[in-house]
Amino acid sequence: MDAEKLAHFKKLLKEQLTRHLANIKTEQAAALDPMDDGVKDSVDMSLLDVSRETALRLGERESAMVAAIDQALMRIDEGTYGTCARCGKEIPLARLEAVPTARYDAECQTLIEQLGDEETPSL
Ligand SMILES: [Zn+2]
């Protein structure tokens, strides 16, 4: 992949990173705001607990995305970005445009998902 394309994806990934980090902040604020520690066992709090759990779970998803973006940015620096981590073929640019964090081409991604032994956050 040429430097111009790499720069393009780097920009794309950094924009996504900023957005996901902002999401995490918002979600954590929403999750933690109405709660004080030590009121968990109150029955009245059960509804709040549910929404807090949802928010925390969303936060986990966002964190996984941030990790995936971080890794993609590292691969750009290492020079392995855009190469399938499984078969070594180039990942089509159209796929990277759609999923800039993609580590595998579509074929390998499908295989890995079928095997289910790799934690790849799917978008
Ligand atoms: Zn592959």
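Where is His8 found, and is His8 buried or exposed, or something in between?

Reply: His8 is found in helix α1. This is a predicted model, so each position below is a computed one. Glu97 is 89 residues away in sequence, yet the two C-alpha atoms are 9.6 Å apart in space.

α1 runs over residues 3-32. Its 30 residues should span 44 Å at 1.5 Å a residue. The end C-alpha atoms are 43 Å apart, which agrees. Three residues of α1 are buried: Phe9, Leu13 and Glu27.

Take Phe9 next. Leaving out residues up to four places away in sequence, Phe9 touches Ile76, Tyr81, Leu96 and Pro100. Phe9 and Leu13 both belong to the largest nonpolar core. An α-helix has 3.6 residues a turn, so residues three or four places apart point the same way.

That core has 12 residues in all. Besides Phe9 and Leu13, its members are Met65, Ala68, Ile69, Ala72, Tyr81, Cys84, Ile91, Leu96, Ala102 and Tyr104. The largest share, four residues, comes from α2. The core also draws on both domains: at least three residues come from domain 1 (1-81), and at least three from domain 2 (83-123).

Further along α1 sits Leu21. Leu21 is partly exposed, because 15 other C-beta atoms lie within 10 Å, between the cut-offs of 12 and 20. Leu21 and Val66 are 45 residues apart in sequence. In space, their C-alpha atoms are 7.2 Å apart.

Arg103 makes a contrast. Arg103 is placed in the loop between α3 (93-98) and α4 (106-115). Arg103 is buried, because 21 other C-beta atoms lie within 10 Å and the cut-off is 20 or more. Gln71 is 32 residues from Arg103 along the chain, and their C-alpha atoms are separated by 9.3 Å.

Now step back to the whole protein. There are four helices and zero strands. Along the sequence the pattern is α-α-α-α. Of the 123 residues, 16% count as buried. Among contacts with a separation of 6 or more, 57% are between residues 24 or more positions apart.

Last, confidence. The mean pLDDT of the protein is 85, and 82% of the residues reach 70 or more. Confidence is lowest in α2, at a mean of 86, and highest in α3, at 96. Where pLDDT is low, the predicted coordinates should not be read in detail.

Methods: Residues numbered from 1 in each chain as written. Predicted model: local features only at pLDDT ≥ 70, side-chain atom pairs only at ≥ 80, totals over all residues. Core = buried A, V, L, I, M, F, W, Y, C linked by C-beta atoms within 7 Å. Helix = DSSP H or I, 4+ residues; strand = E, 2+ residues; numbered from the N terminus. Domains from an automatic or database assignment. Contact = placed C-beta atoms within 7 Å. Expected span 1.5 Å × (residues − 1). pLDDT = per-residue confidence, 0-100.
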